[in-house]
Amino acid sequence: MGELVKTIAKALVDNPDAVEVNEIEGRQSVIIELKVAPEDMGKVIGKQGRIAQAIRTLVKAAALKEKKHVIVEII
């Protein structure tokens, strides 16, 4: 799922080399931390958080197959 977030983020930003994804796994949940360059933060979040919400929705749909709860944090 981290690779999915990384692929989506790299497609959105101007500086794809600055995209970093860190996965923290627990028993039932996974936290995915997405870090981008400061100037690309608005492109990943979008107006009123719509792009960020769309990323979270896609990742949650992918996580249903593994029956895990996924949290995507944009830092």
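Reader: What makes Gly-2 and Ile-32 count as touching Val-21?

Author: Contact means heavy atoms within 4.5 Å. Val-21 touches Gly-2, Val-5, Lys-6, Ile-32, Glu-33 and Leu-34, leaving aside residues up to four places away in sequence. By the way, this is a predicted model, where local features need pLDDT of at least 70, side-chain atom pairs count only at pLDDT 80 or more, and totals for chains, interfaces and linings use all residues. Residues are numbered from 1 along each chain as its sequence is written, and side-chain values use heavy atoms, with hydrogens and water left out.

Reader: Why is Val-21 called partly exposed?

Author: Its relative accessible area is 26%. Buried means under 20%, exposed over 50%, and partly exposed in between (1.4 Å probe, protein chains only), so Val-21 is partly exposed.

Reader: What makes S1 and S2 a pair?

Author: Two strands pair if DSSP finds at least two bridges between them. Six bridges join S1 to S2 (residues 29-35), so they pair, and they run antiparallel. Val-21 sits in S1, residues 20-25; strands are DSSP runs of E, at least two residues, numbered from the N terminus. As for Glu-23, its bridge partner in S2 is Ile-32.

Reader: Why do S1 and S3 stand at the edges?

Author: The three strands form an open sheet in the order S1-S2-S3, with mixed pairing. S1 and S3 (69-74) each have a single partner strand, so one side of each is left without a neighbour in the sheet.

Notes. Helix = DSSP H or I, 4+ residues; strand = E, 2+ residues; numbered from the N terminus.
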